[in-house]
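Colleague: I would like to learn how to read a structure feature by feature. Can we take it step by step?

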Amino acid sequence: MSDQQQSEQQPVFQIEKIYVKDLSLEIPHAPQVFLDRNQPEIDMQLRTNSTKIDEGYFENVLTVTVTAKAGDKTMFLAEASQAGIFQIRNVPEEDMSPILGIGCPNILFPYVRETISDMVNRAGFPPVILAPINFEVLYAQQQASNEQPAPAATH
């Protein structure tokens, strides 16, 4: 095998582009909510999605939704979808799912974390600093739940 053929078979993982795909902020009870001195309860949800967009190119989107509530009143709802285009080539098929489910979100998380914090701060609230996420654990939980047999349908 020539050096060129060998280098063509080497695994490739490369970031092509990182960008904000969608951004949303809602403050349903403004301006009264700014007079409320209660410490809000913060809830964070996240989801990932991967799409093959061309041969060897994948878009990975990490969406984070942060909701702050004081009692039953929503102070704000902030959502950001941070996306990346990744070139992934010459990787065994069984390794693709962990790369897309762990590797790509690990790269995108610091960006979406900064986007959420900045957006909430610009909305007039103290910045929300999201705790680090262990995507390996989330991926393992998702794989385990996908392997559970579906409950039998009852008639």
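**Hairpin, rings and pockets**

Modeller: Start with the hairpin of β2 and β3: 2 residues lie between the strands, and G56 there takes a positive phi near 80 degrees. This is a predicted model, where local features need pLDDT of at least 70, side-chain atom pairs count only at pLDDT 80 or more, and totals for chains, interfaces and linings use all residues. Residues are numbered from 1 along each chain as its sequence is written, and side-chain values use heavy atoms, with hydrogens and water left out.

Colleague: How many bridges join β2 to β3?

Modeller: Terms come before the count. Strands (E, at least two residues) and helices (H or I, at least four) are DSSP runs, numbered from the N terminus. Two strands pair if DSSP finds at least two bridges between them. Here 13 bridges join β2 to β3 (residues 57-70), and the two run antiparallel. For T51, the bridge partner in β3 is E59.

Colleague: How is a pair of aromatic rings described?

Modeller: By the distance of the centres and the angle of the planes. Rings of Phe, Tyr and Trp (its six-membered ring) pair if their centres lie within 6.5 Å; planes under 30 degrees apart are stacked, over 60 edge-to-face, the rest tilted. The count here is 4 aromatic pairs. F13 and F86 make a stacked one, 5.6 Å centre to centre with 20 degrees between the planes. That pair links distant parts of the chain, 73 residues apart: F13 is in β1 (residues 12-26) and F86 in β4 (residues 73-89). Elsewhere, F34, F76 and F125 form one aromatic cluster.

Colleague: Is F86 buried or exposed?

Modeller: Buried means under 20% relative accessible area, exposed over 50%, partly exposed in between (1.4 Å probe, protein chains only). F86 is buried, at 0%.

Colleague: Which residues lie nearest the centre of the largest pocket?

Modeller: On a 1 Å grid over the protein atoms alone, a pocket is an open set of points where a 1.4 Å probe fits, with protein on both sides within 12 Å along at least five of seven lines; lining residues have an atom within 4 Å of a point. In this model, T48, L100, G101, Y139 and Q142 lie nearest the centre, among 14 lining residues. β2 (41-54), α2 (93-122) and α3 (135-147) each give two or more residues to that lining. α3 gives the most, with 6.
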